[in-house]
Amino acid sequence: MHAYGRFNTALVSGKGATAVDSEGKEYIDFTSGIGVNSLGYCDEGWTNAVAKQAATLQHISNLYYSPLQTELSKKLCALSGMKRVFLCNSGAEANECAIKIARKYSFDKYGSGRQKIVTLVNSFHGRTVTTLAATGQDVFHNYFFPFTEGFVYAEANNTDSLKSCIDDEVCGIFIELVQGEGGVMPLEQSYVDEIAAVCREKDILLMVDEVQTGVSRTGTFYCYQGYGIEPDIVTSAKGLGGGLPIGACLCSEKAQDVIVPGTHGTTFGGNPIVCAAALEVLSRVAEPDFLKEVNEKGDYIRAELMKIGNVKEVRGKGMMIGIVTEKDNAKEVAAKCLENGLLILTAKNLLRMLPPLTITYDEINKGLSILKNTMEA
Ligand SMILES: *Cc1c(COP(=O)(O)O)cnc(C)c1O
């Protein structure tokens, strides 16, 4: 189906932060497949872990225990402070699980009528009918009616707007701490603190969509750890499998008994190969030295970007970076960068960078020099 407006390039191989197309042309990769290839292309440890598991046991369904799934779930709990994990296959699915948990938590405790979820204007939560409804952007609320009811949208960083959305029917507040697709917009600490306080006061579940911000992308393992809040539900996907499809919905002790047999499930979710891939990713990216490097590289990239002509503003956290251009020509720049040997993303009218977390300074410098030449041409 013609679902995508694609660049006219076919990529066939890669190593680290360098991709190669069908004509043999090389590209520096500032995209990591939209924040997925945390360890870059064909990292040796990752490739070995996946190949070994593929040759051992590829899939068993969720009717049986899988030691790898157990190990991954334990590791995710240890790294996040959460108590339970549901493994699925994508960000949208992780968010569907989060929404189901919030509604059933409230139903179990208070009965019906407390089912609203507050999300933020300009958010992005996925492409299923329910996660589209959760997404606070009118452009996504077309064609596919009727959408799932029960979502209300508060303006980011606006406490009055948040308060006007809270009533006795709200069971959850669902936020991205740095809005990704919405244009790399970090939430202010005071606003996040306000949300956390309202949630505590009214027994509303604090739900954080870490699909893009998580797995060390923003300089802490999960972005909420940098904000010092304790969510009740956390969703994760993109970078978690390092290139294989895996999503996770985590919940705190408070919501740990909500999902019981028969209330949720998936055929593929958490299969041994994707778990082996995710375990390799976690064994690497959660180390303090690695996180320190993510922050240092992010700071370096931001500082270098500010020296480039046509750069008006640089936003983001860690290695999730948005670039506002003076000429408001991000789409054009991204297309020209491709011609010049650099893969870079856009979000709204920004240029966006989500490089592999393992990118070397040499690759960073090569990519930035292509970006500079393109931006200043
Ligand atoms: C990408 C993304 C999603 C959707 O993830 P899929 O794997 O494409 O379903 C949800 N939330 C956020 C914040 C995202 O960036």
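In which kind of crossing does helix 3 pass helix 9? Helix 3 passes helix 9 in a left-handed crossing, meaning that the near helix is turned anticlockwise from the far one by less than a right angle. The model is predicted, with local features needing pLDDT of at least 70 and side-chain atom pairs counting only at pLDDT 80 or more, while totals for chains, interfaces and linings use all residues. Residues are numbered from 1 along each chain as its sequence is written, and side-chain values use heavy atoms, without hydrogens and water.

**Extent of helix 3**
- Helix 3 comprises 14 residues (67-80) and reaches 20 Å from its first C-alpha to its last, close to the 20 Å expected at 1.5 Å a residue; this expected span is 1.5 Å times one less than the number of residues.
- Gly81, with a positive phi near 80°, follows helix 3.

**Buried and exposed faces**
- Leu68, Leu72, Ser73, Leu76, Cys77 and Ser80 of helix 3 are buried (under 20% relative accessible area, 1.4 Å probe, protein chains only).
- Seen down the axis, the buried residues of helix 3 fall within an arc of 170°, so they line one face of the helix; the arc is taken from the directions from the helix axis to the C-beta atoms.
- Pro67, Lys74 and Ala78 are exposed (over 50%) on the face turned away from the buried side.

**Packing against helix 9**
- The axes of helix 3 and helix 9 are 9 Å apart, at an angle of about 35°; axes are lines fitted to C-alpha atoms over the stretch in contact, and angles run from 0 to 180 degrees between N-to-C directions.

Terms used
Helix = DSSP H or I, 4+ residues; strand = E, 2+ residues; numbered from the N terminus.
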